[in-house]
Amino acid sequence: MISYLLRRILVSLLVLIGISIVIFVMLHLISDSPGRVVLGPQASAAAVEAFNRENGFDRPLFAQYVDYVVQLLHGDFGRSYKLNEEVSVLFAQNAGRSAVLSLSGLVLALLIAIPLGILQAVRRNTVVDRAATGIAYLLYATPSFLVALLLIALLSQLVPLFPAEASQSTSPWVVFTDPRAMALPLITLALTNVVVFSQYQRSAALEQLGMDYIKVARAKGAPERIVLMRHLLRNACIPLITLVGVMIPTLLAGNLIVESVFNYPGLGLLFLNSLHREDYPVLLAYTLIGGALTVLGNLLADLVVARADRRIELSR
Amino acid sequence: MLTIRDLSVEIRTGERTVRPITGVDLDLARGETLGIVGETGSGKSMTGLSIMGMLPGGSTITSGSIRFDGQELTGMEPHAYRTLRGRRISMVFQDSLTALNPTKRVGDQVAEPLLLHGLARRSEALRRAEEMLALVGIPRPSERMRDYPHQLSGGMRQRVMIAMALIAEPDLLIADEPTTALDVTIQAEILDLLARLKEQLGMAMILVTHDMGVVARHADRVGVMYAGRLVETGPTRSLFRSTRHRYTRALLDSIPSLEQDRGVELFSIPGSPPDPAEATPGCRFAPRCAAATELCRTERPPLDGEGGHVFACWNPVAGATAVPQGRALPLSPAAATSAEHRLEVIDLVQEHPASGWAPKGRRRTVKAVSGVSFAVRAGETLGLVGESGCGKSSLGRMLVAMDRPTAGEVRLEGAKVSGVRRRELGARRAKLQMMFQDSGAALDPKMTIGTILREPLAIQDVGTAAERTERAIALLDSVGLGPSIMQRYPHELSGGQRQRIGLARALALDPDVLVADEPVSALDVSIRSQVLNLMRTQQRERGLSSVVISHDLSVIRYLSDRVGVMYLGKIVELGATDDVYERPAHPYTAGLLAAVPVADPEAPAPEGVERVRGELPSPLDPPSGCRFRTRCPLATELCATVEPLLESVGTGHDVACHFPLQPKVGEAADARTTGAGADRTETEAAA
């Protein structure tokens, strides 16, 4: 177990190094003169050159990369070109808010999708099942910003239940302290995930319902509620764990849209604004964190699946 | 205790209405075992599920009654039904791998019925579960309680299933194919266990099976089902001795037994069972029955008879008639007498790393095949028999170069097959063909039969497109199918037809060697004999050398000229079929033969032969010395230290045993057939 973990972490580190090289090179190709970006189009060529030399941006790409990695190892993500602030400080300010919003959206989605998927499987090919599948596909095909806009039109304009803008509070726990103001972003996030999870859960539950152990549970005299809760639920959730693990980094991307539509100050909004401002150190850090989350999500999912299903041996 | 009258079930799916059971009558007394025998789709399992009130979705009981201990079960309140299920009526299912919840501990699963019915508190239920595990013969039950199902072997899982079904001490146990997924040696143990527990707990049992041999020994009464109807039922002895229904008779005649004359074609029932969606006015067996008259086709025969032995047949078999004599089928063609070795296997070894990760040096290997040598002459058929996990399928795959051996070689007409270059192998493959067990999976579902049969010819660049089609039609003809089937897809065919296509495809390139891996184990009895006869005919007509791999001793006996018995990656006995079956020299062979269920309730239990007991050891680290010693009644110190080599006990009959059941010829080991392979594995085992 420990040797497995060590190996996985080692491999993860290699993957992260790979990701960082690719991103670093790509960003450098897009903009090889940070001085121009920082000082603006009006600055003289000499000033730009002086800035680049002063900050080491005229050195070979490889040397710049090594510098960056050394910085990273000291927990230093560099300094934002535009916001006059350390990237790590910017992230510390925004990450909590994004994480709480994402995770509550994820949990909410699972709480809806798991029972819904199982219900659809148990009542397969009935009106309920068909309607749920139809709606799921419709929503799946709808871009999430459109879902967000529709929700605003419906639940904020037509029936003024919730505000159209998210809370501007700086507290990461605003989802819980001011749920009314956070309702629409949360619903948007949950909805877009529910449609994927519930269809996945439906097919997993259908497969498990066909297994003999379900028949055996009934043959023991178990009422349907116990058959589903005690026997089906756990087995039918295992495939979903892997999916959730893979989806963790996409939550970050989901936030991008939700945070910008609802103007919620989090990592996503920071990324979007940095993109407009060509603030490369921020973009670089954001992408790296995405990569780290991908690797971490997969590792976590594998560990949880192996824990839930003893037939799976952790290998390779 | 249980009375079923005129039970009919319907399944509606859209426009189609299928009637899996029509007008079934059954009776079961306390303490009695009723065997329900039938093929796939005969309605035997549905009958069991109807009693449990667990018919699959979409199906309903349309008429009839099921009375259990004075209570009417049809139309019973779901809540009331639940109090019966698992407590008074229990069920054991076939596939213990999917029948146990993979993510729950064995102990909890066994104890669950007690908790569900409020018969005990948790700690008490767990204690009873442990007792129950001990009762069904699970060694060290307290340790097994915390295991998950996948950690147990198939036989052990089936015991757990039985423990689970019996923990609430039901009055009626329905066992649906309880041993079908198991090896013969384990099957015999499980059936004996069920019979013993039935006595001990004083319950009644319904044994649902496709195997006439299983009911012959273990049922008091037998009901035979065909296409949703009960066609004959009676006391076991009477039903087997004076069989009356034409279907029962035909079924019994088409089972290859260990005694029948191998020189005569096996009796087979023509055609295949009817579509359950079709309603016919007459006897459902009429289209396949040789004695059918106009009456049979127009009017349904009533169940009639005396002394509890009733049957539904207009033209019943009168008295004990002789088995209809089939065509003579010479055992091996003249070519087999030639000394030429067409296929030669020399010291073949296959080892692959076990799943799971381990540090280098401690990485364990599965020893699937450990030094096997044999030769197959032109026109000869060699049968390889053994329990699951003995390495016979791994060996088969190496024979046709689908897998590479770890060591040793396969030679075709003296030229190496293993370890040659890709292009050369491609050409040589044409001469080595394989027929698979599950043709449903071995035929590409997106290809028509025509494409499937032409593909090997196209790959090997044989003839023009028109010639290939012509060849495909000829192939279909030789396996008894018409050319109209060319346009169809595999899923549109029946299992028997698919298996014929599997054979036709293997024969398409006119191979020299055909390897058939469990060619008939997925087929029903009435279809099985058709395919077996076809294989015999084709082998003989084409002068094929074949290797037939099966766990079924009767199938191997019917098809093979010589037999090799495999145990844990090694051949323990090799000889002419009649020699091996009549004078088995290895205790394992003798044990296997003794465990085969015989479709004759009056056959004496084999005497003087110890059954093979216990479980197959892990191929990860096979026992030292003789690999069979852990299950052998004759094993001594010697067997644990020195590996026995193949030695002759008669002309062409070799056995690897220190204490063979037949006297050895001379004392000198036959060095030619054993040789280095055995020596090397011995040193390996020591290392």
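The model is predicted, and every value below was computed from it.

**Two helices that meet in chain A**

- Two packed helices are described by the angle between their axes and the distance between the axes.
- In chain A, the axis of helix α5, which covers residues 87-122, comes within 7 Å of the axis of helix α12, which covers residues 267-276, and the two cross at roughly 130°.
- An angle over 145 degrees would count as roughly antiparallel and one from 65 to 115 as roughly perpendicular, and α5(A) and α12(A) are therefore oblique to each other.
- On the α5(A) side the residues that meet the partner helix are A:Leu90, A:Asn94, A:Ala95 and A:Ser98, while α12(A) contributes A:Leu267, A:Gly268 and A:Leu270.

**Helix α7 of chain A**

- Helix α7 of chain A runs over residues 144-158, and its 15 residues reach 20 Å from the first C-alpha to the last, which is close to the 21 Å expected at 1.5 Å a residue.
- Its buried residues are A:Val147, A:Ala148 and A:Leu151.

**Where chain B touches chain A**

- Across the contact between the chains, 26 residues of chain B are in contact with 22 residues of chain A.
- On the side of chain B that touches chain A, α2 (78-84), β6 (89-92), α3 (96-99) and α4 (106-116) each supply at least two residues, and the largest share, three residues, comes from α4(B).
- That side of chain B divides into 11 nonpolar, 10 polar and five charged residues.

Key: Residues numbered from 1 in each chain as written. Chains lettered and ligands numbered in written order. Predicted model: local features only at pLDDT ≥ 70, side-chain atom pairs only at ≥ 80, totals over all residues. Axes fitted to C-alpha atoms, helices over the stretch in contact; angles between N-to-C directions. Helix = DSSP H or I, 4+ residues; strand = E, 2+ residues; numbered from the N terminus. Parallel < 35°, antiparallel > 145°, perpendicular 65-115°, else oblique. Contact = placed C-beta atoms within 7 Å. Expected span 1.5 Å × (residues − 1). Buried ≥ 20, exposed ≤ 12 C-beta atoms within 10 Å, placed from the backbone. Nonpolar A, V, L, I, M, F, W, Y, C, P; charged D, E, K, R; others polar.
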